[in-house]
Amino acid sequence: MNLTNSTAHVLEPAPAAPHTPPASPTSPSPALTPLGLLTILLGAALPMIDFFIVNVALPSIEHDLHASPATLEMVVAGYAVAYAVLLVLGGRLGDTYGRRKLFLWGVAAFGVTSLACGLAPGAWWLVGARVAQGAASALMLPQVLATIHATTRGEHRTKAVALYGSVGGISVILGQVLGGVLVSADIAATGWRAVFLVNAPVAVAALLCAVRSVPDSRAEQPTRSDIGGTLLFAASLIALLLPLTEGRAAGWPLWSVLLLAASPFLAWGFARVELRAERTGGSPLLPPSLLREPGVRKGLALGLPIFTGFAGWMFVSAVTLQQWLGFSPLKAGLTLIPMGVVQFAASMLAPRLVARLGSRAMTLCALVHGSGLALLALTVLWTPLSALSPLALAPGLALCGLGQGVQLALYYRIVLAAVPAAKAGAGSGLAATVQQSCLAVGVATIGSLFLALVPGLGMRNAFAIVLAVQLAGLIGLALLSLRLPRKLA
């Protein structure tokens, strides 16, 4: 399978939250222990790793199941769309029925659907199992941030959120490296199936730990279901994300154009339904009052250049490293290790940096990230092809990781700082949904630009140009961050 198709949906997958919570209308919850934090962070890592690990396995899946390129696209897109569409609903269910309960059900469902993927007898069975796996991930992931938000305070919360922010970057790297290792090792002749089967024992371990260590929390006032809002929200995101993830590979057929054209009208209808529900004392899926919080709005705006740029980078780097430089999937994943390691370290240092610089930490990290992109572009343009080794790319990748680690931590901190504890699930679901949607948009825009430039300019120059586009987005991020209050809550 052509790598351009197999990696066309590399989106990806990470985060962080507030210091001092607003007055909590929820019932007091037990404090989150270190084991409980480790367990829910494992639950956050599983869906992120699984998003990336499958890309390495796609050529083997194509050969073994005789899958067409379009079917392989659905293996990735089915998971991504189900995941994004159901995130807010998953957060809302946790608010109402208990975040611990939803986390346990999500982990169990993720393990079962991973087994279904690993044992798939045919390509369309695998597609269906991947959709179900995405739905399970959407049940599990929102409970992580919501539990942190509801069961931690002060410095403990800051550190917990910083760790959560590091999970995304590490998961991206681990997913690609682990995928390459498992497919290459061919354990017990399982081949590509191992990338799914490995989730089952991990899910069992997470379940056993969660039963003992994860405290329960929920909104004090149970909310009624919002069937109309849920259906319109799902339709809006499907109309946007499905064409963006499938349209380019299919040559932009009429259905994809019509869905994209319908998406703003569906979004308008969803907004009207939610506004009316909140005005009349109903229980909107996504309370419009969340978006009236200045911190939420500003945080979501910052997420646009962060995640669209990240998605474009992951797609472009995957294609460039493997198609142009001839790296194997394993070597390509190992090349990104400097970025992942530095990103983890930066996310741990983010609270101290914010204590010193406040919101200007976002400005600084955007500029550091931009300098890493500039260094990578210069390295690719001026270094002979034979000398473009992982070591030559490491300095630029490390600078990118340094900037990304702080960006992800601050994004979630700014968004969730203004979210009332009673709406923690909806707030975390909203933040994650914006992240996933921006990742899809990033692949569709930056990725498509890259593929359009390659035939005329070659991969070297096309790579440099899309890095310049991402750099422009980071400059915009730096300017947006200057509008934040200097002192962050």
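Cys-438 is buried, with a relative accessible area of 6%. Cys-438 takes part in no disulfide. The closest cysteine sulfur to it belongs to Cys-365, and that sulfur is 16 Å away. A disulfide needs two cysteine sulfurs within 2.5 Å. By that rule the count is 0 disulfides. One more cysteine, for contrast. Cys-209 has a relative accessible area of 30%, so Cys-209 is partly exposed. Before I go on: this is a predicted model. Please keep that in mind throughout.

Start with α14 and α16. Helix α14 covers residues 337-357, and helix α16 covers residues 390-417. Their axes come within 7 Å. They cross at roughly 45°. How do we class that angle? α14 and α16 are oblique to each other. The crossing of α14 past α16 is right-handed. What sits in the contact? Between α14 and α16 there are 16 nonpolar residues, 5 polar and 1 charged.

Next, α15 against α16. Helix α15 takes in residues 360-382. Here the axes come within 8 Å, and the crossing is at roughly 155°. An angle over 145 degrees counts as roughly antiparallel. So α15 and α16 are roughly antiparallel to each other. The handedness is left: α15 passes α16 in a left-handed crossing. The contact of α15 with α16 has 19 nonpolar residues and 8 polar ones. It has no charged residues.

Stay on α15 for a moment. Gly-372 is in this helix. Is Gly-372 buried or exposed? Its relative accessible area is 0%, so it is buried. Look at Gly-372 together with Ala-394. The two are 22 residues apart along the chain. Their C-alpha atoms are separated by 9.9 Å.

Helix α8 is residues 199-213. α2 and α8 pack at an angle of about 150°, and their axes are 9 Å apart. That makes α2 roughly antiparallel to α8. Which hand is the crossing? α2 passes α8 in a left-handed crossing.

Let me move to the end of α2. Leu-65 lies in that helix. At 11% relative accessibility, Leu-65 is buried.

Then His-66. Where is it? His-66 lies in the loop between α2 (34-65) and α3 (69-97). Its relative accessibility is 71%, so His-66 counts as exposed. Compare Leu-65, which is buried. Now the backbone. Most residues other than glycine have a negative phi. What about His-66? Its phi is near 55°, a positive value in a residue other than glycine. Have a look at that loop on the screen.

On to α4, residues 99-118. How many residues does α4 have? It has 20. From its first C-alpha to its last, α4 reaches 28 Å. That is close to the 28 Å expected at 1.5 Å a residue. Which residues of α4 are buried? Among them are Arg-99, Leu-102, Phe-103, Leu-104 and Gly-106. Further along, the buried ones include Val-107, Phe-110, Gly-111 and Thr-113. Towards the end of the list come Ser-114, Cys-117 and Gly-118. Keep the helical repeat in mind as you look at that list. An α-helix has 3.6 residues a turn, so residues three or four places apart point the same way.

Two more residues, and I am done.

Thr-151 lies in helix α5, residues 123-151. Its relative accessibility is 5%, so Thr-151 counts as buried. Thr-151 and Val-214 are 63 residues apart in sequence. In space, C-alpha to C-alpha, they are 9.7 Å apart.

Last one: Ala-262. It lies in helix α10, residues 254-279. Is it buried, exposed or in between? With 26% relative accessibility, Ala-262 counts as partly exposed.

α14 and α16 are oblique. α15 and α16 are roughly antiparallel. α2 and α8 are roughly antiparallel too. And the disulfide count is 0.

Notes. Residues are numbered from 1 along each chain as its sequence is written. This is a predicted model: local features need pLDDT of at least 70, side-chain atom pairs count only at pLDDT 80 or more; totals for chains, interfaces and linings use all residues. Side-chain values use heavy atoms; hydrogens and water are left out. Helices (H or I, at least four residues) and strands (E, at least two) are DSSP runs, numbered from the N terminus. The expected span of a helix is 1.5 Å times one less than its number of residues. Buried means under 20% relative accessible area, exposed over 50%, partly exposed in between (1.4 Å probe, protein chains only). Axes are lines fitted to C-alpha atoms, for helices over the stretch in contact, and angles run from 0 to 180 degrees between N-to-C directions. Angles under 35 degrees count as roughly parallel, over 145 as roughly antiparallel, 65 to 115 as roughly perpendicular and the rest as oblique. A crossing is left-handed if the near helix is turned anticlockwise from the far one by less than a right angle, and right-handed if clockwise. Ala, Val, Leu, Ile, Met, Phe, Trp, Tyr, Cys and Pro count as nonpolar, Asp, Glu, Lys and Arg as charged, and the others, Gly among them, as polar.
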